[in-house]
Amino acid sequence: MISYLIQRLLLMMPTFFGITLIAFLIIHLAPGDPAELRAGGGLAAGGEGGLSTQRRGAIDRALQEWRVQFGLDKPLHVQYLVWLKNLFTLNFGVSFKDNQPVWGKILERLPVTIKLEVWSTLLVYLVAIPLGIYSATHQYSFGDQLTTFGAFVLFALPSFWVGTMAIVFFGGGDFFYWVPPGGLYSVGYSPNWPWWQKLGDRAWHLLMPVLMLSYGGFAGLSRFMRSSMLENLRQDFVQVARSKGLAERLVIYKHVLRNSLIPIVTIMASIIPGLISGSVIIETLFSLPGLGQLSYDAVLARDYPIIMAVFTISSVLTLVSILLSDLLLSVVDPRIAFSRRTA
Amino acid sequence: MMTTPPAQFSCVSQPRRVGKQLPWLPRKNRECRGGLHVAAACLTWKRALHFCLGLVLASLLVPGVVLAQKGQPTEARPVTGDWLISHMLSDPEQLNPLTSNDAGASSILSYIFESLLKRDPRTLELKPHLALARPEIAADKLEYTFKLRQDAHFQDGRPVTGEDVLFSIKALKCPLVNAPFARVYYESIVDAQLLDPSTIRFKAREPYFLNENVLGGIDVLPRHYYDPENFLKDVTVAELASDYSKREEQVRKFAQNFNENYARNPMGSGPYKFKSWSTGQEVVLERDPKYWGTGKEGIDQVYVDARKLRIINNIDAALVNLKAGNLDMMTLQPLQHLRQTSGGRFEKDFAKYEYPTPSYTYIGWNNAQPIFRDIRVRQAMTYFTNRQQMVKTVLFDLGQVVDGPVYRFRPEYDEALYSHPYDPQKALELLGEAGWKDTDGDGILDKEIDGQRVPFRFEIKFNSGNDIRKSVALALQDELRKHGIDASVRALDWTIFLDDVRNHKFDAVIVGWAMSVNEPDDYQVWHSSQAANKGSNMISYKNPRVDTILEEYRRTFDANKRIELYREFQHILNVEQPYTFLFMQKAVTAVSRRFQGVEVLPIGGLRPLDWWVPKLLQKYSSQLSAQ
């Protein structure tokens, strides 16, 4: 087990460096100069009717000055090596935008994204697993077909559209005012409120975004659950259990369900990278200051340090989650033993 | 008529319904408020007339306001209280007045910081603010001496002194402060000295009438707050402007502290104090109850207790927020204005204001290109361009045709400019005069230029993603095709477009310029020297008389003489048509009707500076909760 772990971790290294190198190259080679963007585009935003030749010269000097400050004047491979060197001390540098450390900016937005992801994942599992069980035990019944159809309809609806509709119809505009049209708390929010009022306000604001984030996931997971259940239902041990005279309820929930949950547990690990990448669409729709928004804005502004940091962290988390699901598999399924496989 | 929004006229028809709370009020109050609204509506009407005539407004308007207020015993005087919650599309980058570089931040900072002089939003004239008067200008026009007023103090109670002004220019000139782009605009300031604790003298490199404007506009930062260790004490402005190597250690220490520690905690002398900023959610400013300017003549008064700027980057959600009452003020998209914000319910709660934004879009003809060298060809191009139609279909009527580069509310603006109508017949005559004929029968006009037969074929470039410019290009292409001119249209990615434009690699471009609400100086754009070295004269316009005018204009300190020169300059452009000037766009902002004193200002739109809410209509408690 230990040697397997070490082997896997060592294998992750080249993958990781490959990912960062490709990401670095793509980001830096994409058109758009962060210095020019900082200077306001230079042409339309030249201020009072353009730039004189002298001032243009001064701006060009300022641009150069700025590039030197952030090390953007060096050749690309040197920039990458500098970036790698800083990475070993977990230093992602400072944002081009406001000179603030990238770590601080990420940590500031992490809670929002984590809250969204955790609640929506929980909701997906809470809805999809019972749905999958029902579909499997009532295979080909009307109920099965209805839930499957419903889940797929939801899956097919793009969240940016449903989200916009939800805001327009239920956000208090011309129609109903059931949920707030975005934000994290109300305009009149005060920290002096009693805790239940604060909690209620926050929950009310998270309700719609969490719903929007999760509805698309019902289809995938419930189908997964359904096929896993069906596969186990056909196993011999189920027949044995039934012939022993066990109640159907016990057969399903004790024997079949337990075995069917194994693949579900392993795919749970794949949630982890989602915790940091966040959802650009939902966060933008509902004006939630999460990580998705941060990275999206960073891409538009060519804020390299932030883009690279988010990218690095989420690729590390992806690699870790893959490893974790393999390990989890051995935990929930004793039949799998790594030491033998790797030997 | 452009500046008067239709929504305001509707004030007259339904003046009594001001806010939701109204039905609870005693009848007497309701009527009073209605009366006030009628008066306000009439005033705006009067103001619109003024705009059209191009007169100076304030002289007539201010007494008008006073009259209207005297006529109303209740709520006639502005009262303090309530919050104004306005919409912002994204977070400001940071709130350090020197190192921030975006429009969102500068609008917030303008409530927190003050400068020596201020531009009157109504008359567009410079007037003293932290200074006692406009500066004394030495005979050689190089030295500017400001005397400070004694009664101004910062938000922490410490007085505003000459030392703070001196520190502010030092910080700005300090090469290590992360403000390279702001510094560019102060290159011409070479030295500054304190004559006594409240008198400061600046020295400029060359005589230039806009120096006063530049110096007067410097935000005054409290030295004791932004440089508590006083690192810059012995460093002079002259050293910072040229060579500071002798004091590099101090300068470095100062700059490091200044760059790193003041991104989110601004403090100045202005009427609003910075309260909080939750990233991605809101920025909160609070009225400073001890503001030094309260009740002082010549200082704009503020009444709203708190300004909250809610950050909502989804424009549709922002509109829903507005309708749900979570926002009091928001700039609308053209389609939101046309389709989503009409009807009684919206108009009961909100008034919409239309105003021109000080910038214009134009088609620039490369004057060095053999085809467009000919004045008659450029004139013909303007006659071919149906600008009125474009305003109607491309801008949804939210715009106005312009005929020159000067903002229409500036005294320099020339009313007598000829506005070229859409007249293809006239255009064809001009082209015929210029020798363009279809000699080879291929359906495209041609002409012999420099010994070669050249077909009338060219390319219009613009930046991709800009739908307005695209529609203009396509409309013109369509029109020209009918008359035997083959124009192709090309959208380019912004950076590539910029590069092409700066290096004169184009036949025609569609771009825009900002218009100055200050005294304009278009030297950069039109002087022949600016055609080289990536200057802003991208179209290589060359006219010796324009060169002379622009040079003389910069050295002229007599405002009337300047206006005269600038009108001649506009007239030359009007005849030569180096650009086909297209239009200014208009913006539409919706504001909750509970705010009084809302008006469209020549300086560019609405400024929620002296707005107020009658006590009975106030929606939020006057106390900001401690956050």
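Colleague: What do β6(B) and β7(B) form, and how many residues sit between them?

Modeller: The two strands make a hairpin, with 2 residues between them. This is a predicted model, in which local features need pLDDT of at least 70 and side-chain atom pairs count only at pLDDT 80 or more, while totals for chains, interfaces and linings use all residues. Residues are numbered from 1 along each chain as its sequence is written, with chains lettered from A and ligands numbered from 1 in the order in which they are written.

Colleague: Which sense does the pairing of β5(B) with β7(B) have?

Modeller: Antiparallel again: strand β5 (residues 143-147) of chain B has 5 bridges to β7(B). B:Lys147 has B:Thr199 as its bridge partner.

Colleague: Which residues of β7(B) lie on the covered face, and which on the uncovered one?

Modeller: In β7 (residues 199-204) of chain B, B:Ile200, B:Phe202 and B:Ala204 are on the covered face. B:Thr199, B:Arg201 and B:Lys203 are on the uncovered one.

Colleague: And what percentage of chain B counts as buried?

Modeller: Of its 627 residues, 46% do, where buried means 20 or more other C-beta atoms within 10 Å of the residue's own.

Colleague: Which residues make the contact of α5(A) with α6(A)?

Modeller: α5(A) brings A:Leu131, A:Tyr134 and A:Ser135, and α6(A) brings A:Gly143, A:Asp144, A:Thr147, A:Thr148 and A:Ala151. Contact means C-beta atoms, placed from the backbone, within 7 Å. By class, there are 3 nonpolar, 4 polar and 1 charged residues.

Colleague: How many residues does each chain give to the contact of chain A with chain B?

Modeller: Chain A gives 52 and chain B gives 54. On the side of chain A, α2 (34-38), α3 (53-69), α7 (159-170) and α13 (280-285) each supply at least two residues. The largest share, 8 residues, comes from α3(A).

Methods: Contact = placed C-beta atoms within 7 Å. Helix = DSSP H or I, 4+ residues; strand = E, 2+ residues; numbered from the N terminus. Nonpolar A, V, L, I, M, F, W, Y, C, P; charged D, E, K, R; others polar. Buried ≥ 20, exposed ≤ 12 C-beta atoms within 10 Å, placed from the backbone. Pairing = 2+ DSSP bridges.
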